[in-house]
Amino acid sequence: MGSQAPLVIKSFAKLNLYLQILNKRQDGFHNLNTLFVRVNLADRITFRHRRDNRIKISTDSQQVPSDKTNLCYRAAALLRQEYKLSRGIKIELRKHIPVGAGLGGGSANASSVLLGLNKFWGLNLSKRKLEKLAAKLGSDVPFFIHQTKFAQGAQRGDKIKPLGNLNKTKLWFILIYPNFKVSTPLIYRKYDVCLAEKKGFFGLTPQSARIQNVKKLKIMQGAGLTMPKGNVKILTSELLKKGVRFDPELLFNSLEPVTEFLYPQVRQVKKALGDIGLDKVMMSGSGPAVFGVCDSSSQAARLKNKLSRRFRGWQVFAVSTV
């Protein structure tokens, strides 16, 4: 086993084309309805055998920990604990997906470790068993276990229904990360405040409210309560029939007004994409990454070059479904 060849796999990012929060659960999480799409922006993970029984993580990103808090480490440790394994592993993580962007990079990495070690260690675990482990690591992690282009997520986002009927649907995106991280738990907490304090000012104290734009706070209060024009089923149907020409109003993200309020840069990114002629523009997950749907691969490449020159402080990607 010491001469076992390394295993290298790609760990793909996701976008949410639809994300509606339904209610808060007793466990503190939220029930939601979401449409995941996997895109070809990917990290690279390499697995190497270790002679001892340690789990060792190395990464080229200063934003990612290499200790026991790393999701790759937690995934490997969970797999060993669950199946009483004592094998050592070295996991090398090369990051391309921005961290804390709403693109599921950490969740994808955790899932890739479960899938990779299942193969590397010859465990032959079923997708169902891997999915159960994935759900213990994070709400988005089970989506990546299915290795599918499109899927609906329910409950915490961890109950996954792959949408195989969309396998032939191809979408291209301009994806912009404005180079700052957002805390997902913070955004959900602020969303809850938005709902709970319908007559308040977004959970701010009177003192802090005085130094804020009160009118904006009231607008924010209402924005967090807006209802979608459609749902996952309607959007899926439109994608099947029309592909990239689906109705822009079917894109929906309950968290977008909250993140946009706390981080006005998100609004600036959306405006930049709108100004170059894209009408399907939305934030992914809890943000701050924002995507715009393009008509073709060539349009995405052209706009990427244009935006990269104009906004040098942002990371701009041309990506597609994979």
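Colleague: How do you know how far to rely on local features here?

Modeller: This is a predicted model, in which local features need pLDDT of at least 70 and side-chain atom pairs count only at pLDDT 80 or more, while totals for chains, interfaces and linings use all residues. Residues are numbered from 1 along each chain as its sequence is written, and side-chain values use heavy atoms, with hydrogens and water left out.

Colleague: What makes up the secondary structure of the protein chain?

Modeller: The chain has 11 helices and 11 strands. These are DSSP runs numbered from the N terminus, with helices (H or I) of at least four residues and strands (E) of at least two.

Colleague: What is in contact with Ile 276?

Modeller: Contact means heavy atoms within 4.5 Å. Leaving aside neighbours within four places in sequence, Ile 276 is in contact with Leu 303, Lys 306, Leu 307 and Arg 310. Ile 276 is placed in the loop between α10 (265–275) and β9 (281–283). Its C-alpha atom is separated by 7.9 Å from that of Leu 303, although the two are 27 residues apart along the chain.

Colleague: What makes a set of residues a nonpolar core?

Modeller: Such a core is a set of buried Ala, Val, Leu, Ile, Met, Phe, Trp, Tyr and Cys residues joined through side-chain atoms within 4.5 Å. The largest one has 32 residues, of which Leu 17, Leu 103, Phe 173, Leu 175, Leu 239 and Phe 291 touch the most other members. Elements that give two or more residues to this core are β1 (7–24), β2 (30–50), β7 (172–177), α8 (232–242), β10 (290–294) and β11 (315–320). Apart from it lies another core of 31 residues, including Ile 91, Val 113, Leu 130 and Leu 133. In soluble globular proteins, nonpolar side chains tend to be buried together.

Colleague: Which residues does Leu 103 touch?

Modeller: Not counting residues up to four places away in sequence, Leu 103 touches Ala 13, Lys 14, Leu 15, Leu 41, Ile 97, Pro 98, Leu 175, Ser 284 and Ala 289.

Colleague: Why is a space called a pocket rather than a cavity?

Modeller: On a 1 Å grid over the protein atoms alone, a cavity is a set of points where a 1.4 Å probe fits but cannot get out, whereas a pocket is an open set with protein on both sides within 12 Å along at least five of seven lines; lining residues have an atom within 4 Å of a point. The largest pocket holds about 1,200 Å³ of space. Among its 48 lining residues, Ser 107, Asp 140, Thr 184, Pro 185 and Ser 286 are the closest to its centre. The largest share of this lining, 5 residues, comes from α5. Asp 140 itself is found in the loop between α3 (127–137) and α4 (141–145), and touches Lys 14, Phe 36 and Ser 107, not counting residues up to four places away in sequence.

Colleague: How much space lies in the second largest pocket?

Modeller: About 260 Å³ of space lies there. Of the 16 residues that line the second largest pocket, Ile 9, Lys 10, Ser 112, Leu 115 and Gln 147 are the closest to its centre.

Colleague: What makes the backbone at Lys 84 and at Asn 124 worth noting?

Modeller: Most residues other than glycine have a negative phi, and most peptide bonds are trans. Lys 84 is not a glycine, yet has a positive phi of about 50°; Asn 124, also not a glycine, has one of about 55°. Lys 84 counts as exposed because its relative accessibility is 74%, and Asn 124 counts as exposed at 71%. The peptide bond from Gly 287 to Pro 288 is cis, with omega near 10°, and Pro 288 is placed in the loop between β9 and β10.

Note on methods: Buried < 20%, exposed > 50% of the residue type's maximum accessible area, 1.4 Å probe, protein only. Points joined across faces, edges and corners; volume = space filled by probe spheres on them.
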